[in-house]
Amino acid sequence: MMFLGLSFYAWITVATIASVIIVMIRTRIPVEITFLGALTVLLVTGVVSEEEGMEGFASEPVMVHAAFFVVIAGLIHTGAIYWLTQHVFGNPKNYRHAIYRVMVPVSILSALLNGINVVAMTIDAVKIWARRLSISPSKLLVPLSCAATMGGICTLMGSTSNLVIAGLYAEKTGRLLGVFEPLLPGVVLTAIATFLVVALRRLIPNRESPEISFETTSDYTVELLVPTDNPAVGMTVAEAGLKNVKGGSLIEIVRFDKEIIMPVGDDEFILGGDRLVFAGQISDILELKRTNGLVAADHHVYSIDEIDNNRKLRTAYVTFGSDLIGTSMSTNHFERDTEMVLVAVARGGKRVDGQPREIRLQAGDSLLLECPPKSDDQLEKAGRRNLAFFDSHFVPQTGPRTITAGAILVLMFVLSSFNIRPLWVSTMLAAALMMATKCCRMRSLTKYIEWDLLLILGATVVFSTAVTKTGVAATLATHMLRICGQNPHVVLAAMCLLALITSELVGRVGTSAIFFPIAWHEAATLGCNPMTFIMGLMLTVNLSLVTPMGSTTNMLIFGPGGFRFGDFARLGICLQVVLFITTFVIVNILYPM
């Protein structure tokens, strides 16, 4: 049965993909859960078979990324990435020079190691540079993100969307793209982007770093002592009215015998000699000395690095898609579930006034948290769904295995670049060597493998299969040809522009999988070289520089830089216009129709 030229299964596919886009834009449901739900719909309705569903998770992009996570774990564990990021930058003389010294090395490293990993490892170093130059970190973090994105275009390994398109191309043609297939156009685009960032550096927003709000914790925490004859002794904190007070909240009780109670429950009893630690507006909290008969403690509990040998302060930012968005700590269960306690909130580089636990959180908010005596890995695992910590204290030790890990990385690229072995075989071999040489250990791999990304990759391959199998790709391509005419240049430009807009909203990976069969069908219908359309798509989806959602590297710097949602738009749009035109020209030159 056909309706408007599409079969019943085709309409299910269209509705499923449309639902994915709407859910990702309008809700905070995690991306991997959204993709898994969509995949379930396609399987249950029979749009794709069980075999086709499983083939997505056994595809080349999934295998390459799974193995590459192991390679990256080895490079991080042995200190290879840390050594590179600490020694290739040099010492910048001024702001303009610093942009070049950030963008050139980062773009090269991102082509080899994937831009996401490079940004994560270099944020702290770039912020130190900013302090030396007396500028806001945001002025260097934007060039860092841009360089990582553009450098990633240059190789298949540098960008996840490149790998997805290469895998789909291999399924269509049986021919593997070389790992450096996009190198030449990628280098041209990266060079132009670097020049534009320097020339348009005035468009980079000047935002205060959240750490400025967190440098002196005594500014927003105060410790008060309960005298033994205080009327509140023997009451619960709720009965005494000391849990949530004007301008702040009780985050911790330190007993006279050094016992620490954190978080503080409503039914916790108050004893004489207790030290009550409040966070919030100091002027309001100090009124408790008069109204509740408390006295000032003889010392302050906090220092910025350590509270004592067991407790510590950590800073993190609320990620996009976090369940915390729109809630306050007083209404959600985050503190109870993670044993972390909110001390203060910063937004846009400035501390948010008011009672911290009553502040409704937004994406990108920076949080100062008092954490229990757990390792950094345990804390990050506990908060991973909602928070991203950006004050990691991990500094790896370099040694002989650092050289070994670097040699394994070089071997991987040599094998794949000269077509000695396919890319997925090269990465699997590199991963095996990393473990065999103890550059990384099995028990530490789980924190480096991003299972959610592997799930998304597998699902996107299945989406591409569904779009092709049900005729959706052919129908959309036909309608686009009808609107744009038979001029292949106009069709290519329209397809790339639509893909670019979509990638800004839902990300590059999903966009690549959905638009690949459309691009392929357009090329076949027009009798053009398919590589013109495929490379146009590959390069274009990587130009999503305007929103945090479109670029993972933008999301990584969003919290640490104290950015606001629209901060990337001014420079990003200027870059997009120039780079989009350049992409169109260079693709037609290198891959003539």
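Visitor: Is strand E10 mostly covered or mostly open, and how many of its residues are buried?
Guide: Strand E10, residues 341-347, is mostly covered, with 6 of its 7 residues buried. Buried means under 20% relative accessible area, exposed means over 50%, and partly exposed lies in between, with a 1.4 Å probe and protein chains only. Strands (E, at least two residues) and helices (H or I, at least four) are DSSP runs numbered from the N terminus. The model is predicted: local features need pLDDT of at least 70, side-chain atom pairs count only at pLDDT 80 or more, and totals for chains, interfaces and linings use all residues. Residues are numbered from 1 along each chain as its sequence is written, and side-chain values use heavy atoms, with hydrogens and water left out.

Visitor: Over how many bridges does E10 pair with E12?
Guide: E10 and strand E12, residues 366-371, pair in the antiparallel sense over 5 bridges. Two strands pair if DSSP finds at least two bridges between them. In this pairing, Val341 stands opposite Glu370 in E12.

Visitor: And what about E10 and E11?
Guide: Strand E11, residues 350-351, pairs with E10 over 2 bridges, also antiparallel. Here Arg347 faces Lys350 of E11.

Visitor: Turning to E5, why is that strand largely enclosed?
Guide: Strand E5, residues 248-254, is largely enclosed by the rest of the structure because 7 of its 7 residues are buried.

Visitor: How does E4 join E5?
Guide: Strand E4, residues 244-245, runs antiparallel to E5 and is joined to E5 by 2 bridges. Asn244 stands opposite Ser249 in E5. The hairpin of E4 and E5 has 2 residues between the strands, and Gly247 takes a positive phi near 85° there.

Visitor: Which residue takes a positive phi in the hairpin of E5 and E6?
Guide: That residue is Lys258, with a phi near 75°, in a hairpin that has 5 residues between the strands. E5 and strand E6, residues 260-261, are antiparallel and paired over 2 bridges. Ile253 stands opposite Ile261 in E6.

Visitor: Where does the largest share of the patch come from?
Guide: Helix H3, residues 50-57, gives the largest share, 3 residues. Glu50 has its place in helix H3.

Visitor: Why does Glu50 count as exposed?
Guide: Glu50 counts as exposed because its relative accessibility is 64%.
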